[in-house]
Amino acid sequence: MEFDRHPVVSVIVPARNEEACLARCLKSLVAQAGINFEVIVVDDASTDRTAEIAKSFVLEKAADDGARCVTLISAPPLPANWTGKNNAMAAGAKTAHPKAKWLLFTDADTVHKPGSLARAVVEAEQHGVALLSYSPEQEVHTFWERAVMPVIFAELAATYPPKKVNDPSSPIAAANGQYLMISREAYDAIGGHTGIAGDLLEDVALARLVKSSGRKIFFRYGGDAVRTRMYRSWPQMKEGWTKNLALLFARPQALAFLRGIEFALIWINLTAAAIFLLHDRQELAIVTGSLACVLIASFWLRVHRAHFSLASNLLSIGGLGVFSYLLLRSIELHRNRAVTWKGRIYGNDAASATMLNDGSLRHTSIE
């Protein structure tokens, strides 16, 4: 593929200790065709082989007919009131070619399907939007991934329905930071990441800024374009969702208790039905079993919209309780300003939302 001086898209990949997945991401990006683009990897003070892996792609492309489409930069020192990811993405945007029409912010754990970049630009322009975001296909392999991820994404689908997100008359705004493409004009007009510098939920915050500016956004499930495996172990999953969950829902405490009660009622009725059957009390077994089936059917109607396999959806019945635990843990850590992510602690000087006593959130601006 030939690259000219004026890329249509500047792809920005913030990376902090991503040696397990960065090579796969970059391989899928540099193979994109049908559009001029550049890739900017922002090494965010990594202590593993992240920079070395990124550099190998820089050298590889530099040696390929002089077509250098991969650039590696280091994130500047983390300013007060900034999160590490926002700082890295802002640095990438400053490095991006000034003539690039679009900025694509994408995570290092993503894999992009052939031709998806060109198709995304066409889709954004067809819809006349300033921001396009895909929710990637989620790869799940371990028990915890299969049990918990469908529950969380089902809740997100209910809270941020794409139809309302894409409706200019609706106040609901959302985006997925794993694939967020914004026009350079819109990014500069809303002040880039400066206005959301300390926001741990930067993707949704950026979408809100774009929508409140009167510009259009387009958000959908994008399994045809990109996939990702967010977490590879239970500790990673616990830390990652603890960082975000309480910020994603307007009344996280109420939601945690509601799903915890739902989890308890399903398993209490299933257990009771089994016990009654063992003691030959068929009428009670039918009643409790029927209640369990109604509850499971209600849960199934929610979870099937999350785009996971049948096996994962079945396991996720057990994940309801884990979701409640993670949500309550997230509420507590945000209330105590003790959220950690990739070796950093985000306390009072890097928070853009205040947890109230009832578990709801009051969003504040960063000075």
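Biologist: Over the face of which ring does K243 lie, and at what distance from the ring centre?

Modeller: This is a predicted model, in which local features need pLDDT of at least 70 and side-chain atom pairs count only at pLDDT 80 or more, while totals for chains, interfaces and linings use all residues. Residues are numbered from 1 along each chain as its sequence is written, and side-chain values use heavy atoms, with hydrogens and water left out. A charge sits over a ring if NZ of Lys or CZ of Arg is within 6 Å of the ring centre and within 35 degrees of the ring normal. For K243 the ring is that of W341, and the distance from the ring centre is 5.1 Å.

Biologist: How many aromatic pairs does the structure hold, and what is the geometry of F143 and W144?

Modeller: Rings of Phe, Tyr and Trp (its six-membered ring) pair if their centres lie within 6.5 Å; planes under 30 degrees apart count as stacked, over 60 as edge-to-face and the rest as tilted. The structure holds 9 such pairs. In one of them, F143 and W144 are 5.3 Å centre to centre with 75 degrees between the planes, which is edge-to-face.

Biologist: Is L248 buried or exposed, and which residues does L248 touch?

Modeller: Buried means under 20% relative accessible area, exposed over 50%, and partly exposed in between (1.4 Å probe, protein chains only). L248, in helix α9, has a relative accessible area of 9% and is therefore buried. Contact means heavy atoms within 4.5 Å. Not counting residues up to four places away in sequence, L248 touches L156, T159, Y160, L201, V204 and W241.

Biologist: Which residues form a cluster with F153 through ring pairs?

Modeller: F153 and W241 are both buried. Ring pairs join F153 into a cluster with Y231, W241 and F308.

Biologist: What is the relative accessible area of L315?

Modeller: L315 lies in helix α12 (residues 310-335). L315 counts as partly exposed because its relative accessible area is 34%.

How values were computed: Helix = DSSP H or I, 4+ residues; strand = E, 2+ residues; numbered from the N terminus.
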